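Thank you all for coming; I would like to walk you slowly through one structure this morning. Please have a look at it first, and then we will start with a question.

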Amino acid sequence: MQEKKIKNKIIKRVKTNFKDARDRNDFKYNRLDFSVKKEIIPSVLFYLKDEMGFIHLSHISCVDWLEEGELEVVFILWSPEEKIKVFVRTRLDRDNPVMDNLDMIWRQANTYERELREMYGIQFTGLEAPDEFILEDWQGPPPMRRDFDTEAYSNETYFHRPGREDAEDVRETITKRSGEDIPDFAKKYSR
Amino acid sequence: MINDKNSQKIVDFISNWARKHSIWVLGYGTGCGAIEIPPTMTSRYDAERLGIRGAATPRQADVLLITGYLTTKTLKRVIRVYEQMQDPKYVVGFGSCTINGGMYYDSYNTINVLDKYLPVDVYINGCMPRPEAVLSGFGKLQQLIGEGKANGATKYKENLEWYRANQKKVIPNWVMPEYNW
Amino acid sequence: MREKATTLYFGPQHPGITGNMMIRLKVEGDTIVKATIEVGYLHRGFEKLQEKRNWLQSFTLLCRFCVPEPDPVEESYARAVELLEGREVPERAKYIRVMMLELARMGAYMLWYGGQNASLGLYTMGQWSVGDRNYILDLFEELTGGRIYHMYIWPGGVRRDLPEGFADKVLRTMDYFEKRLKDYDDLMFSSTIFRKRTQGIGIIPKEKAVEWGVVGPVLRGSGIHSDIRIDDPYEVYDKLDFIVPTEEGGDIWSRALVRRQEVRQSIHIIRQVIEKMPQGEYYNRIPNPLKWALPKGDAYARTEAVRGEVGMYIVSDGSIHPRRTHFRGAAYVHAITLLENLLVGENISDVAAIMNSLGTCPPEIER
């Protein structure tokens with residue numbers, strides 16, 4: 001009951017300040033969800049942090065919705081006082097994903113943004129960090145995008161040891177090679 | 001000077017015997033396999049009683065232990081480290097992911113078959129290999145050294161061009177010193 | 001006279017017991033003036049690989065996120081899946097999970113004991129604590145079949161019930177550790193070397209700690225009472241009695257004191273769990289994993305690990321494969337932006353100690 005009251009209070013305050021924020025409030029646990037336009041993301045996050053007490057940034061993640069041609073960026077915040085998680089999400093154009101840099105709100109956002117830039121190709125305007133983060137001399141497309149096929153890339157680039165395809169029972173192969181029998185207790189696990 | 005074949009045999013036997021009882025392992029620890037090295041080295045399994053101990057720098061080490069998957073970024077460093085090591089030197093591949101890629105067989109960033117890039121003397125399979133398996137693998141390596149069969153380094157020197165071609169295929173930006181032994 | 005700055009490379013060989021990463025240090029004399037972290041030596045693209053695996057196959061990949069302590073990752077994932085699907089977990093499974101998590105916490109702290117001391121050149125502690133850690137791994141092995149990777153905490157419960165006589169074994173191990181921790185105190189916390197090398201080094205002030213988004217024992221070492229087990233309780237932590245220790249100093253010494261107490265709290269929790277554990281089901285069976293599709297939506301679950309908040313964000317598009325899984329590691333925050341700033345002004349010889357006290361774990365940064 002208490003939780004529901006707090007949730008409604010937060011939704012009301014956010015909606016009065018940001019008119020076009022869409023919310024979702026049908027979760028059975030302590031979670032709220034807001035969808036906003038990408039232009040107002042910094043102001044929403046500033047507001048949540050400074051006015052509402054959501055001081056802890058748990059996570060920044062990105063989902064590639066290839067079919068809809070959009071990238072969805074999700075911010076997960078936590079308020080130690082109200083004990084509520086808030087998800088703030090926004091959608092970016094997949095062909096030209098540009099967003100505002102947010103590391104002045106939370107310093108650790110810098111790391112997340114570097115990862116998203118490398119893995120999804122999202123450009124954060126004003127992000128000051130070296131271009132390379134995890135990958136080195138990477139020439140392909142951003143690897144976490146849905147249209148990048150990791151298995152095809154691996155088959156093309158790296159050697160493969162034959163034997164994986166036939167899914168052979170290792171136990172039998174080893175016993176054949178060493179000339180020993182499979183012990184009785186192990187037989188029931190053999191295929 | 002030793003000229004005749006028999007005395008050379010004796011010298012080889014003695015040097016191999018000495019080598020197999022003092023295996024210094026370079027503490028590179030490339031992947032998750034490094035987690036089973038501390039238990040192997042500490043009191044319960046105590047690898048030091050077999051003459052296996054850590055070495056701080058490549059130039060003092062005998063064994064390059066590849067503990068797990070190698071990303072292309074690490075592979076570049078590992079090749080450099082291997083080439084800095086002095087003879088006699090051996091490579092031990094540790095974990096399934098060095099043998100055939102293990103569970104990372106379709107990853108875009110890890111190599112799958114280690115022996116195409118570095119000459120591997122002994123593979124220890126498992127994910128993770130237990131400390132017993134590690135000790136047994138080192139036992140095998142000792143046996144090979146004793147018999148004079150652990151000749152990965154010679155193989156590497158003889159087929160350097162083939163190894164280089166494979167290495168350069170996955171490392172696009174090759175800025176490394178060329179060693180000539 | 002101004003000294004010329006030299007560049008010094010720290011890593012990418014295993015620096016201490018933490019994992020492969022590189023720090024490019026700019027030093028004047030032996031004082032650090034600039035530190036740049038370079039990661040990526042362990043990147044396997046787990047999250048990409050999981051797009052091709054189904055929801056249960058993802059488990060084999062998951063525990064490889066953080067090698068010293070894989071169980072909180074499994075727990076986060078299992079709980080995220082349960083939140084998304086609305087699956088109930090039997091009461092007994094919850095207790096078993098808590099026991100598992102606390103055992104994992106103790107195991108990771110044993111490694112930390114060794115690593116923290118080895119980073120200062122005190123190697124005896126590592127011989128003791130890493131050797132003793134084998135007793136915990138033995139328990140894991142009996143329960144799950146694996147020493148390091150367990151794949152035990154599944155969506156819907158745990159993989160198998162406790163074997164006969166297992167609870168007694170756990171209690172005996174706890175008794176052993178309680179005795180043993182006194183020896184550790186004598187060796188570590190009464191040691192003048194340890195105290196002098198850690199007090200006043202790597203200080204994170206209270207205000208800074210919040211600003212940088214610090215979590216876990218590092219935050220508690222800076223005097224802020226924060227623990228997910230209490231703030232956002234999961235499983236049965238709200239039914240258990242334990243305290244969350246805090247220290248005011250914010251240096252390596254304070255963080256070590258926090259961890260010292262947490263090991264004791266873990267023992268306390270495990271004893272309570274075994275006492276209170278109810279009989280009954282341990283697994284709410286999932287449907288055929290090959291056809292098991294989760295409803296559309298997303299969920300985020302977080303767990304308190306030794307390093308701090310460990311979370312898993314999962315997105316489902318209604319198919320049998322995850323659309324997206326994204327792991328949040330505590331080291332993600334600690335080991336890059338924080339460490340870069342913390343190292344400035346410190347001595348070269350303290351770099352490894354600071355890294356260890358922050359709980360740096362590169363595999364969970366890069367995944």
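Across which strands of chain A does α3(A) lie? It lies across β3 and β4 of chain A, and it runs at about 10° to β3(A). For that angle, axes are lines fitted to C-alpha atoms, for helices over the stretch in contact, and angles run from 0 to 180 degrees between N-to-C directions.

Before going further, a word on what we are looking at. This is a predicted model, in which local features need pLDDT of at least 70 and side-chain atom pairs count only at pLDDT 80 or more, while totals for chains, interfaces and linings use all residues. Residues are numbered from 1 along each chain as its sequence is written, and chains are lettered from A and ligands numbered from 1 in the order in which they are written. The pLDDT is the predictor's confidence in each residue, from 0 to 100; for chain A its mean is 81, with 92% of the residues at 70 or more. Where pLDDT is low, the predicted coordinates should not be read in detail.

Now to the sheet of chain A. Five strands form an open sheet in the order β1-β2-β5-β4-β3, with mixed pairing, where two strands pair if DSSP finds at least two bridges between them. The edge strands, each pairing on one side only, are β1 (22–24) and β3 of chain A, and neighbouring strands are turned by 20° against each other on average, direction ignored. Within this sheet, β4(A) and strand β5 (residues 84–93) of chain A run antiparallel and are joined by 10 bridges; Glu70(A), for instance, has Asp93(A) in β5(A) as its bridge partner. Helix α2 (residues 41–50) of chain A also packs on the sheet, touching β4 and β5 of chain A, and its direction makes about 170° with that of β5(A).

Finally, the contact between chains A and C, where two residues are in contact if their C-beta atoms, placed from the backbone, lie within 7 Å. Chain A gives 25 residues to this contact and chain C gives 31. On the side of chain A, the elements that give two or more residues are β3 (56–65), α3 (109–120) and α4 (150–157), and β3(A) supplies the largest share, six residues.

Notes
Helices (H or I, at least four residues) and strands (E, at least two) are DSSP runs, numbered from the N terminus.
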